[in-house]
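Biologist: I would like to go through this model with you. Could we begin once it is on the screen?
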Amino acid sequence: MLDEKDKKTYSNFEYDSALNVQEGVEQPEQISNFYLEKVRKKRREMPSVEQLVDGIIHGNRVMLSQAITLVESSLPEHNRRAQEVIEQCLPYSGKSIRLGITGVPGAGKSTTIEALGKMLTALNHKVAVLAIDPSSERSKGSILGDKTRMEELSTDPNAFIRPSPSAGSLGGVARKTREIILLCEAAGFDTVIVETVGVGQSEVAAHSMVDFFLLLQLANTGDELQGIKRGIMEMADMIAINKCDIDPDRAKLAAQQFRNALHLFPMPDSGWTVPVLPCSAYSHEGLKEIWNKVLEYVAFTKKNGYFYNKRTQQNLRVLQETIENSLKERFYSQPGIEERIEKARQDILDNKVSAYAAAEKLLDNK
């Protein structure tokens, strides 16, 4: 037991010691109320359809970005407003060259786009880049980091880069990319570049929305003739053997092999002979030749009428796809549809009904 003197000494030690823990400073909120109020105010002051359209046709990038956000939104209210914006922008669209660029991962798509874009802006072109970023099958999220790969182009006043998630769309192309192309054209961009996530049969989705389809290949990845096994070869309007600065001789050999392989394919409907050129996005070798071929293709197909016929067919394809998507959305938006689908799944697992019969029953709303 401590006497009164020891208690007093201990008490002084407790309060005077450096080991004593002082009360901490109250921490501020992680998000300031000022910022939250600013966000709420911004949401309340969402521009009208007329303001968006006026801003887009006058080159206001903030309005263009907000309109693209509306287009990409899945909310019905946003979709209705987006369609109104697109409809009013239609008379100002259709005047650009739509260029699709695809290739295997690592082929240098982003680097090529930046080098080509910088070359075009130096020639007083206005370039819009729609970089489609693959979405995760697990988390459904996307990195959307293409701007970091195109640091110089992203700061160019004559360029506009918009990364978008693929969100499971066919061919790695965002479902709303066609509408975004129209908005960019209305904003005055005369060259629209669509970068897709990879190659394969599903790349037909990208081909169906551009005028010129450029396929990037590599010279040092094995047997180049393996390319003839892919349907993408039939859709390419030009093949570029990228990274030719690493091994020029190998690149020339690969280009010749691809030319030989292309002779196995029938002549395309455009009547255009697909060129194969070596290039290097790093040293800028062959970039001028690529752009000259794009211009040559556009002039050639406009002269024989294929250019305009292709755009007409693309619009008709949009009609068909919109009908199919709308039917799908209406089906899944029916009241109680989730419970009916779950019951159908259980009946299939219990071998009470076949999958085909269950699907027909759901479609017939029985």
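Biologist: Where is the place of Glu-185?
Modeller: Glu-185 sits in helix α9, residues 177-186. Helices (H or I, at least four residues) and strands (E, at least two) are DSSP runs, numbered from the N terminus. This is a predicted model, in which local features need pLDDT of at least 70, side-chain atom pairs count only at pLDDT 80 or more, and totals for chains, interfaces and linings use all residues. Residues are numbered from 1 along each chain as its sequence is written, and side-chain values use heavy atoms, with hydrogens and water left out.

Biologist: Is Glu-185 buried or exposed?
Modeller: Glu-185 is buried, because its relative accessible area is 5%. Buried means under 20% relative accessible area, exposed over 50%, and partly exposed in between (1.4 Å probe, protein chains only).

Biologist: Which residues is Glu-185 in contact with, leaving aside neighbours within four places in sequence?
Modeller: With those neighbours left aside, the contacts of Glu-185 are Tyr-92, Ser-93, Gly-94, Lys-95, Ser-96, Arg-98, Val-192 and Arg-311. Contact means heavy atoms within 4.5 Å.

Biologist: And over the protein, what share of contacts with a separation of 6 or more is between residues 24 or more positions apart?
Modeller: Such pairs account for 74% of those contacts. The protein has 366 residues, 42% of them buried, and its secondary structure comes to 16 helices and seven strands.

Biologist: What about confidence: which elements have the lowest and the highest mean pLDDT?
Modeller: Helix α1 (residues 4-16) has the lowest, at 54, and helix α13 (residues 287-304) the highest, at 96. pLDDT is the predictor's confidence in each residue, from 0 to 100. Over residues 135-145 the pLDDT is below 50, although this stretch has 17 contacts in the model beyond near neighbours in sequence. Where pLDDT is low, the predicted coordinates should not be read in detail. The protein averages 82, and 75% of the residues score at least 70.

Biologist: Turning to pockets, what volume does the second largest pocket have?
Modeller: The second largest pocket has a volume of about 580 Å³. On a 1 Å grid over the protein atoms alone, a pocket is an open set of points where a 1.4 Å probe fits, with protein on both sides within 12 Å along at least five of seven lines; lining residues have an atom within 4 Å of a point. Grid points are joined across faces, edges and corners, and a volume is the space filled by probe spheres set on the points.

Biologist: How many residues line the second largest pocket, and which lie nearest its centre?
Modeller: The lining has 26 residues, and Glu-234, Pro-266, Met-267, Pro-268 and Val-274 lie nearest the centre. Helix α14 gives the most, with five residues. The lining divides into 13 nonpolar, eight polar and five charged residues. Ala, Val, Leu, Ile, Met, Phe, Trp, Tyr, Cys and Pro count as nonpolar, Asp, Glu, Lys and Arg as charged, and the others, Gly among them, as polar.

Biologist: Which residue is 8.0 Å from Met-233, C-alpha to C-alpha, and 29 residues apart in sequence?
Modeller: That is Leu-262. Met-233 belongs to helix α11 and is buried, with a relative accessible area of 2%.

Biologist: One backbone matter: what is the phi of Asn-124?
Modeller: Asn-124 has a positive phi of about 70°, although it is not a glycine. Asn-124 lies in the loop between α6 (109-122) and β2 (127-133), and it counts as exposed at 69% relative accessibility.
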